[in-house]
Amino acid sequence: MLSIVYDKKEEELNIDFDVPIPSAFDFGDLSSLLSSLTDIDDVKLNRRNGALNGFAVRMPNWFKFIKHVLKTDDYVLQESILNDLMKQNLCVQGEGLHVNFHQKMFDTPERYWSFIVNQGNFIDYFFNRLNWYIGPKNAIVTPFPLHVDLESASTCNMDCPMCYRSKLKETGQMNFDLFKKAVDECEANNVFSIRLSWRGETLTHPRIKEMIAYATSKIKNVSFLTNAFYIDEDMIDCFISNRISYISVSFDGINENYETIRHPAKFKENYNRVAALRDQKMRRNSKSPQVRVCTIWPAIRDDPDAYYKTMKDVSDYIVYNPYINFKGPMQIKPDFICQYPWERIVIAFNGNAQCCTGWNADDIIIGNVKDNTIFEMWHSDLMNKIRDKHAESRRMEFNSCANCRHGSKGEPNIEISEIVERRF
């Protein structure tokens, strides 16, 4: 969403948006925030071709601003992070750390910003994204994770050729009481967002509707990933009634490409399921959940416009991911630094917690939520060691990191037939 540079000499904070904010759109809370910015003394707005690319403001004036717009607890956290930022030279991490490098926008600026704002709680989201960037770039450890992933289920109804799930040593579904324990701790520590997904199909959990209702009653931003296969009228009612912030629908290609990758799903059937969610939202005049559609690039490479035109009508925002070969040899990025250890904790269905989304982790398991609090694991010796090794460009000393595909180069030119033959 954004990047931040602190000019120590000028005591100036520079914030640049990854996607310029169009001038002709009314984005609700976003527009209110921008209007408030113009009241700050000495703020410099960076406009280009009518769009807002970012702004710069002197730090003393920024402190006054955030004290005005944030609740007391949120302000105390933000003040602490900014004070840590001012003590060091930006950025202390190397050039190998690129925040949110893996997912690529495939949509218009208007739809991008509407997708974010229409999830609600935009002011909280904005400052969460500030910390999402500041933390990893400056090796600043927040009191609690900025985000927590809770794997409701690692079970799935599909066996996609690019997926590693069949190689998992163990699969299952999270105990509901364990889920509530984790959510309650997140609520107590004012976590902004949780995701009810990781390695499986979220909607295969038999109590997923209860999980959604419980999570959304406690946490401001709740999302999950799905292949859409189990979306029906009851599920749609649950999503809308509980105001899920957004769902990310994995929809790789259209027509034959989709059915080749997402067997046994049928393109038209799953498309209609997502369309039914859109129609019900319109009938109920609801903006939530926002729907993000995601595809791997090889599935649309031959005709990306056809994909966009087809999926635009049933989605609020579209992105693509590069294809990652989870099986073959990797071309390692030697200076890669992972952002995750400064942002999130990921909790598997069985309670095991780790610092990232690496699917086959072993030596970076930081504990189990059955026996440890998330706070304890976030500040554990192993978690701090993981951060230190990454900051020192020594991540390869961890087996899990040495085998992680996030630190390798993708294969943009691979054919769908090769993916299917390779079986991940």
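**A helix and its surroundings**

Guide: The buried residues of α10 (buried: under 20% relative accessible area, 1.4 Å probe, protein chains only) pack against α8 (233-241), β9 (246-250), α9 (255-261), β10 (290-296) and α11 (304-312). This is a predicted model, in which local features need pLDDT of at least 70, side-chain atom pairs count only at pLDDT 80 or more, and totals for chains, interfaces and linings use all residues. Residues are numbered from 1 along each chain as its sequence is written, and side-chain values use heavy atoms, leaving out hydrogens and water.

Visitor: Why do the buried residues lie on the same side of α10?

Guide: The buried set consists of Phe267, Asn270, Tyr271, Val274, Ala275, Leu277 and Lys281. They lie on the same side of α10 because their arc around the axis, taken from the directions to the C-beta atoms, is only 150°.

Visitor: Which residues are exposed on the other side of α10?

Guide: Exposed means over 50% relative accessible area. On the other side of α10, the residues that are exposed are Lys268 and Arg283.

Visitor: Which residue just after α10 takes a positive phi?

Guide: The phi in question is about 55°. Just after α10, the residue that takes this value is asparagine 285.

Terms used
Helix = DSSP H or I, 4+ residues; strand = E, 2+ residues; numbered from the N terminus. Contact = heavy atoms within 4.5 Å.
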